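These are my notebook entries on a structure that I examined in short steps. I record below what I looked up and what I found.

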Amino acid sequence: MKLYGQHSKSIPQKVIIHVLEILILWLSFWILFREGGTWIENTLHIHNAIEFTGRRMIIFTFSVITFFRFAFMMTVLLKRAIPWEESFSVPFAFALYFVGFALFALPTSKPIDFIDIFGIILFIVGCVLNTGGEILRNQWKQNPDNKGRIYTEGFFKYSRHINYFGDMLWVTAYAIITRNWYAVSIPIFLFCLFAFYNAPKLDKYLKGKYGKGYDDYANHTKMLIPFIY
């Protein structure tokens with residue numbers, strides 16, 4: 001976990017990540033609205049329900065918002081160093097979202113209904129918890145009086161990794177909009193990654209850095225899902 005203690009602008013890595021994500025975003029557009037859908041249908045034999053574009057517009061809007069949101073977080077809020085391997089692992093993760101959910105949405109011909117409205121609301125809530133939580137934490141860290149203290153305020157008073165929980169919500173929203181049961185595999189995978197790898201690994205680092213302060217925080221705050229887990 002030495003990575004979390006290293007500070008660097010990591011400009012070359014960030015440039016590569018942004019360029020690759022733009023290419024992946026374009027690929028999503030090509031699949032959803034251009035001849036990519038027809039090519040997928042002919043090659044992979046996934047039905048392309050071209051008569052229903054509203055659902056696809058929601059999916060692509062999610063992807064555009066996600067791209068700009070994470071570009072802001074990586075450029076402005078992220079202070080730690082980015083290793084070279086993340087220059088490719090991060091875009092791969094976004095390929096699951098931008099391209100994966102586009103593929104899952106292709107055969108869906110169901111009109112937009114109240115379930116999709118719920119998905120949109122869930123996406124907004126997830127974005128607010130993830131990005132909003134990071135913004136509030138960044139503002140708190142700007143205060144010199146807080147140096148050496150663990151942040152337990154804002155959304156993080158409900159979960160030690162509320163940003164991960166926010167990720168789970170907006171990714172689940174993608175799956176809901178596709179109305180494809182296979183799409184549920186992505187948020188399930190993400191939950192397992194956070195619950196059994198990322199969060200415990202980060203907890204170990206935070207415990208070593210903040211000691212008793214972290215123990216007190218962990219004793220009365222759930223790890224991932226507020227009030228539950």
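**Entries on a pocket and a helix pair**

I began with the lining of the second largest pocket, whose residues divide into four nonpolar, two polar and one charged. I note that the model is a predicted one. I then looked up the names of the lining residues: Thr 172, Ala 175, Ile 176, Arg 179, Asn 180, Trp 181 and Val 184. For the volume of this second largest pocket I recorded about 170 Å³.

I turned next to a pair of helices. Two packed helices are described by the angle between their axes and by the distance between those axes. For helix H5, residues 114–141, and helix H6, residues 162–178, I found a packing angle of about 155 degrees. The axes of H5 and H6 lie 8 Å apart. An angle over 145 degrees counts as roughly antiparallel, and H5 and H6 are therefore roughly antiparallel to each other. Sorted by class, the contact of H5 with H6 holds 16 nonpolar, six polar and four charged residues.

My last entry concerns aromatic rings. The count came to 24 aromatic pairs. I examined one of them, Phe 123 with Trp 170, and found the ring centres 6.5 Å apart and the planes at 80 degrees. Planes over 60 degrees apart count as edge-to-face, so the pair of Phe 123 and Trp 170 is edge-to-face. I also noted that this pair links distant parts of the chain, since Phe 123 is in helix H5 and Trp 170 is in helix H6, 47 residues apart.

How values were computed. Residues are numbered from 1 along each chain as its sequence is written. This is a predicted model: local features need pLDDT of at least 70, side-chain atom pairs count only at pLDDT 80 or more; totals for chains, interfaces and linings use all residues. Side-chain values use heavy atoms; hydrogens and water are left out. Axes are lines fitted to C-alpha atoms, for helices over the stretch in contact, and angles run from 0 to 180 degrees between N-to-C directions. Helices (H or I, at least four residues) and strands (E, at least two) are DSSP runs, numbered from the N terminus. Angles under 35 degrees count as roughly parallel, over 145 as roughly antiparallel, 65 to 115 as roughly perpendicular and the rest as oblique. Ala, Val, Leu, Ile, Met, Phe, Trp, Tyr, Cys and Pro count as nonpolar, Asp, Glu, Lys and Arg as charged, and the others, Gly among them, as polar. On a 1 Å grid over the protein atoms alone, a cavity is a set of points where a 1.4 Å probe fits but cannot get out, and a pocket is an open set with protein on both sides within 12 Å along at least five of seven lines; lining residues have an atom within 4 Å of a point. Grid points are joined across faces, edges and corners, and a volume is the space filled by probe spheres set on the points. Rings of Phe, Tyr and Trp (its six-membered ring) pair if their centres lie within 6.5 Å; planes under 30 degrees apart count as stacked, over 60 as edge-to-face and the rest as tilted.
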